[in-house]
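Here is a short report on selected local features of one model. Start with the sequence and structure, then read on.

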Amino acid sequence: MTVSKPRDPTGTGVIQEPHHNTYDIEFWGPTGFATSFYPGALNSLITMGKYLGKDMQRYETLYSKGRSYMENNLYNGQYFMQKIKWKGLQAPDPTKVQSFGLQYTPEALALLEKEGPKYQYGTGVLSDGVMGGWLSRMCGLPDPFDAAKIRNHLKAVHQHNFKTNLHEHSNPQRPTFAIGNEAGLLLCSWPQGGMLSLPFVYSNEVWTGIEYRVASHLMLMGEVQKGLDIVRACRDRYDGEVRNPFNEYECGHWYARAMASYGMLEGLTGVRYDAVSKELHIDSKVGDFTSFLSTASGFGTVTLKAGLPSLNIAYGTIPVNKVIVSGAIKKLG
């Protein structure tokens, strides 16, 4: 087992080298966004390695370093941000490796010296800023770093990036995603100042895939109403009058990112199945429910009624040795 040296060549547990991302550019220096993936991935590796009886000390050390840096160096007391860094790295200078808009004008070179490479987010609150924490929870792993700080970041995203009316919002990119009196979740904002002259290109946009992901993460962290605020805004935009309710487009029609909405099933119900231990987990944020469950061997519905769980298998098999409801072992009804 190895870790990716190009992104962390010196084994710091932190991604500092320029890293390409879903915004079609490279982030330079440590970001809450990418660094949240790193301890999550390491924790996953450690979990699998220990199950197989492997010595995981090297990866546990990397995980500890990365978690410590994330919590102590990238958290500003309210949310996780980026520390822009482009000098002292192994990568060449940004004018030679920036993939999006390669040519630097004299004006851009002056900004490079002042603010760092083009298309960063710096002190901004990024809606995707703790995405690795969401992915860890979706995969049945614990929070990869401090849960209270993750929750605070998500609350800051809701507070600063969720707009109930975009009439006064300037978006020079693709405003048809959300426009006028509609509501939506911006990709980034700068509530504490420090907005860059050339922030990452899509920062003013609204993407449904990120809206659903943030909403489901808020639900997982117990902030159900804040998550529902975002979902309602999204569905109001795609109500069939102005936009197709079955085509939440981004970079093209029927764009896959909106499938992050599937995470709301787990966010609201806490239903997940561990195929290794054959455990069914339920942690409802909405009281009684019936919800869909799909596994590698079968699918069906899970019901929680008056605190009692039941499983109705529609196809295949879902072997269950134990059911855990909000931390307590229960019997299937």
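## Ser291 in strand 9

This is a predicted model. Ser291 sits in strand 9, which spans residues 289-294. The relative accessible area of Ser291 is 7%. Buried means under 20%, so Ser291 counts as buried.

Beyond residues up to four places away in sequence, Ser291 touches Leu265, Thr269, Gly300, Thr301 and Val302.

## Gly316 in strand 11

Gly316 belongs to strand 11, residues 308-316. With 41% relative accessibility, Gly316 is partly exposed. Setting aside neighbours within four places in sequence, the contacts of Gly316 are Ser297 and Gly298.

An open sheet is built from four strands in the order 7-8-12-13, with mixed pairing. Strand 7 (272-274) and strand 13 (328-330) are at the edges. Each has a single partner strand, so one side of each lacks a neighbour in the sheet. On average, neighbouring strands of this sheet are turned by 30° against each other, direction ignored.

Strand 7 pairs with strand 8 (residues 279-282) in the antiparallel sense, over three bridges. Arg272 has His281 in strand 8 as its bridge partner. The loop between strand 7 and strand 8 holds Lys278.

## Two positive phi values

Lys278 is a residue other than glycine, yet its phi is positive, near 60°. Its relative accessible area is 30%, which makes Lys278 partly exposed.

Trp254 is not a glycine either, and its phi is positive at about 50°. Trp254 lies in the loop between helix 8 (224-237) and helix 9 (263-269). Is this side chain's residue buried or exposed? At 59% relative accessibility, Trp254 counts as exposed. The cut-off for exposed is over 50%.

## Helix 1 against helix 2

Helix 1 covers residues 32-51 and helix 2 covers residues 57-73. Their axes come within 9 Å and cross at roughly 150°. Angles over 145 degrees count as roughly antiparallel, so helix 1 is roughly antiparallel to helix 2. The crossing is left-handed.

On the helix 1 side, the contact is made by Gly32, Thr35, Ser36, Tyr38, Pro39, Leu42, Asn43, Leu45, Ile46 and Lys50. They meet Tyr59, Glu60, Leu62, Tyr63, Gly66 and Met70 in helix 2. By class, the residues of this contact are nine nonpolar, five polar and two charged.

## Helix 7 against helix 8

Helix 7 (residues 208-220) packs with helix 8 at an angle of about 155°, and their axes are 7 Å apart. That makes helix 7 roughly antiparallel to helix 8. What is the handedness of the crossing of helix 7 and helix 8? The crossing is left-handed.

From helix 7, the contact residues are Thr208, Glu211, Tyr212, Val214, Ala215, Leu218 and Met219. Their counterparts in helix 8 are Val224, Lys226, Gly227, Leu228, Ile230, Val231, Cys234, Arg235 and Arg237. The residues of this contact divide into ten nonpolar, two polar and four charged.

Methods:
Residues numbered from 1 in each chain as written. Predicted model: local features only at pLDDT ≥ 70, side-chain atom pairs only at ≥ 80, totals over all residues. Heavy atoms only, no water. Axes fitted to C-alpha atoms, helices over the stretch in contact; angles between N-to-C directions. Helix = DSSP H or I, 4+ residues; strand = E, 2+ residues; numbered from the N terminus. Parallel < 35°, antiparallel > 145°, perpendicular 65-115°, else oblique. Left-handed = near helix turned anticlockwise from the far one by under 90°. Contact = heavy atoms within 4.5 Å. Nonpolar A, V, L, I, M, F, W, Y, C, P; charged D, E, K, R; others polar. Buried < 20%, exposed > 50% of the residue type's maximum accessible area, 1.4 Å probe, protein only. Pairing = 2+ DSSP bridges.
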